[in-house]
Amino acid sequence: MLVNKFEKDYLVVAQNASGRNMNVPLYRFKGSKPGPKVYIQSSIHGAEVQGNVVIYHLINTLKTTPICGEVTLVPNCNPVGTNIKAGEYTLGRFDPINGTNWNRGYYFDEALVERFVDTVDDEEPLEKVKSRFRKVLKQKIDEKLQETWGLGLAQQLNLKLQQLAFDADIVIDLHNGPVSTRHIYVPEYAKDSAKLFNIPHVILIPNTFAGALDEATFCHWWTLQNLLRAKRNSDINVDVEAFTLEMGSQEVISFDEGRYDADSILCYLGAKNCLESNTYFPKSMRRVAVTLDNYKILYTRQGGIVDYLAAPGDQVKKGQALARVLNVDELENDRASQVIEAPCDLIPILHFPSASVLSGTQLYKCFTDYFELTE
Ligand SMILES: [Zn+2]
């Protein structure tokens, strides 16, 4: 029994050397009642494939779960990155032609928000302001896509996706770490929403743009909200949130884990009034958070072959062994292996996926000075 109006479409995001269009599927569910617009994409980094299973489960659920508003799902949104293989691996993080990160070409322009706010008068209703803001931004992205001198492939792909995402009130970008435990990037102003997902590790990020889709969404809206609050001297809430969900390790999928993450997203959507009658509620669980500056990268001093002793999600004390490195040039003496110790109390969230590392490799990314989010 289908209860939501459902459309399937394709968006052309690139063209290959044979002149063929490369497109991504769009699945769009429309509820019969008004509600928020939701945009969810997966696999902008081509090796991070778990989000596709999550979207599969979401589609199956949404077919028979009455929704309010609209949900747009874009699985496998980077058809270039997913298909670049080197031996057994997917080179999914960077465009191999120029090294561009596939998740850094979205658009944010603070000056555009400032100019826009100058056009808002005190009487204009917030809904009208928001719809005009969307129009202005999408117009600007159109102009960029039409630029005489053209744009790089990653940026073109990003901007085409951003056109879709900017219509939404809720944007969720599905990723994976290299070898990783579940974590989520949450803008500081939406901190309370971190407790609506079933994700134990939360990174709180400031209103700073570094090129990713979540930032390109919330930096625009957060900046607009701040400027409007100052201008009208009132507690205006634009009610737009954006998140990056990191759901475990790249290069693998699990249908069971995908169900868990789909349910976790449905808990959030239920709390945000996207479901007509909500039956999804967040788990009672320990959630720990860090501010972005306390999410630290541990680089290797030495090259070698690594035994990763601390697993993502472990609680590690200062001085405890994180990893043991084998040096094949010293095997006969006591420098054959060296232990890398935790510089402080921490929780490793992810580590490098390969055992062989050069000096200066990002070995671990860790929560330090973390704190508990109370229910
Ligand atoms: Zn990613």
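Predicted model: local features only at pLDDT ≥ 70, side-chain atom pairs only at ≥ 80, totals over all residues.
Asp261 and Arg182 are both buried, and their side chains meet in a salt bridge with an N to O distance of 2.8 Å. Across the whole structure, a search finds 17 salt bridges, and the largest pocket has a volume of about 1200 Å³.

**The Asp263–Arg259 pair**

- Asp263 and Arg259 form a salt bridge in which the closest N and O atoms are 2.7 Å apart.
- Is Asp263 buried or partly exposed? Its relative accessibility is 25%, so Asp263 counts as partly exposed.
- Arg259 has a relative accessible area of 27%, so this residue is partly exposed as well.

**The Asp169–Arg134 pair**

- Asp169 forms a salt bridge with Arg134, and their closest N and O atoms are 3.1 Å apart.
- This pair links distant parts of the chain, 35 residues apart: Asp169 is in the loop between α4 (153–165) and β7, while Arg134 is in helix α3 (residues 126–145).
- Buried means under 20% relative accessible area, so Asp169, at 14% relative accessibility, counts as buried.
- Arg134, at 12% relative accessibility, counts as buried too.

**The largest pocket**

- With its volume of about 1200 Å³, the largest pocket is lined by 41 residues, and the closest of these to its centre are Glu48, Arg93, Phe94, Pro178 and Gln250.
- What is the make-up of this lining, in nonpolar, polar and charged residues? The lining of the largest pocket divides into 19 nonpolar, 14 polar and eight charged residues.
- Several elements each supply at least two residues of the lining, among them the helix α5 (213–232) and the strands β7 (170–177), β9 (183–187), β11 (241–249) and β13 (295–299).
- Which element gives the largest share of the pocket lining? That is β19, with four residues, and this strand spans residues 362–368.
- Domain 1 (5–285) and domain 2 (294–369) each contribute at least three residues to the lining of the largest pocket.

**The cavity**

- The count comes to one cavity of 30 Å³ or more, and about 30 Å³ of space lies in the largest cavity.
- Glu7, Lys8, Asp9, Leu26 and Arg28 line the largest cavity.
- The elements giving two or more residues to this lining are β1 (5–15) and β2 (21–30), and β1 provides the largest share, three residues.
- By residue type, the lining of the largest cavity has one nonpolar, no polar and four charged residues.

Technical notes: Residues numbered from 1 in each chain as written. Heavy atoms only, no water. 1 Å grid on protein atoms, 1.4 Å probe; cavity = no way out; pocket = protein on both sides within 12 Å on 5 of 7 lines; lining within 4 Å. Points joined across faces, edges and corners; volume = space filled by probe spheres on them. Nonpolar A, V, L, I, M, F, W, Y, C, P; charged D, E, K, R; others polar. Domains from an automatic or database assignment. Salt bridge = Lys/Arg side-chain N within 4 Å of Asp/Glu carboxyl O. Buried < 20%, exposed > 50% of the residue type's maximum accessible area, 1.4 Å probe, protein only.
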